[in-house]
Amino acid sequence: MTEPGRNEAETIRLEKPGWRTRARMWLAGTTIQSRLARTFTLASLAPALVTAVVGVGMIRHGVYAQAQAQVNANLESAKDIYQSALDRLQDAIRIHATRMVIYGALSRGDPSGLAEEMDRIRRAERLDALTIVDADGRVFYRSLNPSGPRGEVTEDRVIRQALERLQPVAATMIVPPDVLLRNSPALAARAAIKIEPTPRARPGSQTEITAGLMLRASAPVTTPAGRMLGVLDGAILLNRNPDIVDAIRRTVFKEEEYEGRPTGTATIFENDVRVSTNVRGADGTRAIGTRASAEVADAVLSRGETWRGRAFVVQDWYLAAYAPIRDLGGATIGMLYVGVLEKPFMDSLWRSLLVFLGIAAGGVALVNLIAVRVAKRISAPIHELTVAARRIAEGEYARVAERSTDDEIGDLSRSFNTMTTELQAAHQALRESADQLERKVESRTAELRRMQAQLIQSEKMVAIGKLAAGVAHEINNPLTGVLTNSSLMLEDLPDGHPWREDLQTIVNETLRCRKIVKGLLDFSRQTKPQRTQLELNQLVEDVLALVRNQTVFRSIKITYDLDPRLPRVLADADQMRQVVLNIVLNAAEAMAQGGELRLSSSWDPARRTVDVAVSDTGPGMPDDVRARLFEPFFTTKRTGTGLGLSVAYGLVERHHGELLVDSARGRGTTFTIRLPIEGAPDDD
Ligand SMILES: Nc1ncnc2c1ncn2[C@@H]1O[C@H](COP(=O)(O)OP(=O)(O)O)[C@@H](O)[C@H]1O
Ligand SMILES: [Mg+2]
């Protein structure tokens, strides 16, 4: 087995597929790479999404809980602010109740000197109403309407309680419109609020509220001895009064805004109607007259609870808290609301969701990237092997790039290349032995053909030989008679006799006949070779010495190239001499215009044969002549017998040798006599 050149096999270079192809393959999952990558990606996608959803859920929960806690705290602050407004009112009224002017007027029963002092107090304390009632509960003085009706007994519960208990009293109260009107028409007008139709509100046919929600404080006016003289009563109308809600917004929410809207809002409800608020409506004005949702109203107004949660307020969602506002008797007459705009929380929630999703997507992308890398490292060599295997199947010995890695893939590519090498070597060996076989068959066929031709030739020779022998024998005796008699007659005739020339022609032609007959006899004589150890070089030189003086050799240069170490050959000397002679004569005849005759000898120790070659520089032979060269009587010469070569051929053959001819027109001719050194086996 021969080692095939390693470099012959070409190493495969993979063409990189375009991104479209890769994406299609990824989706279709037709390659190991895409299947691996997809599995990895899907496996990482699920936890990423779950993390995102759970994470955002947790954040949402946390944010809401915290925001709601904040709102609850805000509500407490708002309540404090509301309560402190009521407290301040109460303090102011209690202090002003001790004024001498009021005491003096009440004890005198004459309100005439009160106007200036009462107006001053009302303005200083920003009161909407300031009233003095006497010990019997009759209206003594109304600051806003001093000239109005007076003396009627008041039914007002705050005042009555102050009178009865001889103590200051403060509370939020709903004050009916006629009371407001008695104080001032402007006050009644401020309290009157048209109810806006509000979605989600309690069903109701009321279109307007006319009563006012008021902060109220009453303080008894007494003599220094402690006798009750009357009550000083101050009131602040909350309807359309932004003081408290704005104070809440200012202190609790620091006037913060989000996208042009206040983040924190506060509202005071009279029942479920907004009477004081900084929640804005669609037109940007305070949303006075709109109503709370039915759900909130039911919880706070009907059940007296504090309501906390998400609430849709006017036009936005808020995280809100509503606390009941109770009057002196503990009845719920309104609500205090604080709310924080939900949108900032939602926005930050969305932002965190986006961040989460971004991180998740990044994670998935990273995993996908790694998966593709890993998959490629696995699948690329496999793909390469597939391509290489296909090419090997097509008869091309492709090798794959060997990987230095120590894993299965490295092993696989190394084994693959080893396989390729061995396959290639085996294939080559097979091809070589096939070639060798073919060559053997060819040479064997040629040999057979030559042997067959030889066989035909020798059979022909044998047949012709027999014929010739018979003819020669029959002709020889009469021919001898003709020659003897014509020779004798020629001797007897005197010189110049007219027959003499004709007789000479008869003698010559008869001699030529004898030559032919002799040739025939030579040809037909099946004499057994008398074998002796022959020195062929010597034999060649003897033959040449015999003929070189003949006229045909006159213009021919003779050269020798005889191998002095030529071994002896077991052969018949006479017959060999005749063979050489016939060939040399033919050569000389072929070089009638002159030339070179070259005699050489050589031997082949392996084949155990000796060659004697006779070369001339004559005209050579055309193919048709060469084909019939050894046929008896084939001649191209006018006076030739055509027997020389056929005789030579017969003799060489009897020595189990070969007579080879190499000739072409214009190249001269070489005859080679090849004889076995050991001679022919003694078979005949
Ligand atoms: N050396 C040679 N060069 C050219 N032709 C040759 C040579 N030897 C033989 N021949 C051809 O072979 C023929 C047969 O030769 P051969 O048998 O000796 O008969 P012959 O010499 O009587 O013609 C010749 O007539 C000639 O045409
Ligand atoms: Mg001849």
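The lining of the largest pocket draws at least three residues from each of domain 2 (436-524) and domain 3 (527-684), in a predicted model whose local features need pLDDT of at least 70 and whose side-chain atom pairs count only at pLDDT 80 or more, while totals for chains, interfaces and linings use all residues. Residues are numbered from 1 along each chain as its sequence is written, chains are lettered from A and ligands numbered from 1 in the order in which they are written, and side-chain values use heavy atoms, with hydrogens and water left out.

The chain is divided into domain 1 (62-346), domain 2 (436-524) and domain 3 (527-684), with bounds that come from an automatic or database domain assignment. The C-alpha centres of domain 1 and domain 3 lie 156 Å apart.

A pocket is here an open set of points, on a 1 Å grid over the protein atoms alone, with protein on both sides within 12 Å along at least five of seven lines, whereas a cavity is a set of points where a 1.4 Å probe fits but cannot get out; lining residues have an atom within 4 Å of a point. Grid points are joined across faces, edges and corners, and a volume is the space filled by probe spheres set on the points. On these terms the largest pocket holds about 1200 Å³ of space, and 37 residues line it, of which Asn582, Asn586, Glu589, Lys637 and Gly644 lie nearest its centre. Two or more lining residues come from each of helix 12 (500-524), helix 14 (573-590), helix 16 (644-654) and strand 21 (668-676), and helix 14 gives the largest share, with 9 residues. Helices (H or I, at least four residues) and strands (E, at least two) are DSSP runs, numbered from the N terminus.

By class, the lining of the largest pocket divides into 15 nonpolar, 14 polar and 8 charged residues; Ala, Val, Leu, Ile, Met, Phe, Trp, Tyr, Cys and Pro count as nonpolar, Asp, Glu, Lys and Arg as charged, and the others, Gly among them, as polar.

Strand 21 also contains Thr669, which is buried, with a relative accessible area of 6%; buried means under 20% relative accessible area, exposed over 50%, and partly exposed in between (1.4 Å probe, protein chains only). The side chains of Thr669 and Ser663 are joined by a polar contact of 3.0 Å, that is, a pair of N or O atoms within 3.5 Å, of which, within protein, one must be able to donate a hydrogen and the other to accept it, with residues adjacent in sequence counting only if both atoms are side-chain atoms. Leaving aside residues up to four places away in sequence, Thr669 touches Val614, Ser615, Asp616, Gly620, Met621, Val661, Asp662 and Ser663, where contact means heavy atoms within 4.5 Å.

## Cavities

| Cavity | Volume | Lining by class |
|---|---|---|
| Largest cavity | about 90 Å³ | 5 nonpolar, 2 polar and 3 charged residues |
| Second largest cavity | about 30 Å³ | 5 nonpolar, 2 polar and 2 charged residues |

The largest cavity is lined by Thr198, Pro199, Arg200, Arg274, Arg291, Ala292, Ser293, Phe312, Val314 and Tyr322. Around the second largest cavity, the lining residues are Val139, Phe140, Tyr141, Arg142, Asn145, Pro146, Gly148, Pro149 and Arg150.

In helix 9 (residues 294-302), the buried residues are Ala294, Val296, Ala297, Ala299, Val300 and Leu301, and their cover includes strand 12 (307-313), strand 13 (316-326) and strand 14 (332-341). Gly304, which follows helix 9, has a positive phi near 70°.

Helix 8 (residues 243-253) has Ile244, Val245, Ala247, Ile248, Arg249, Val252 and Phe253 buried, and just after this helix Lys254 takes a positive phi of about 50°. An α-helix has 3.6 residues a turn, so residues three or four places apart point the same way.

Phe253 is among the residues that Thr265 touches, together with Asn278, Val279, Tyr318, Tyr337, Val338 and Gly339, not counting residues up to four places away in sequence. Thr265 belongs to strand 10 (residues 264-270) and is buried, with a relative accessible area of 0%, and a polar contact of 2.9 Å joins its side chain to that of Tyr337.

Glu257, in strand 8 (residues 257-258), counts as exposed at 52% relative accessibility. With residues up to four places away in sequence again left out, Glu257 touches Arg249, Pro262 and Thr263. The C-alpha atoms of Glu257 and Leu341 are separated by 9.5 Å, although these residues are 84 residues apart along the chain.
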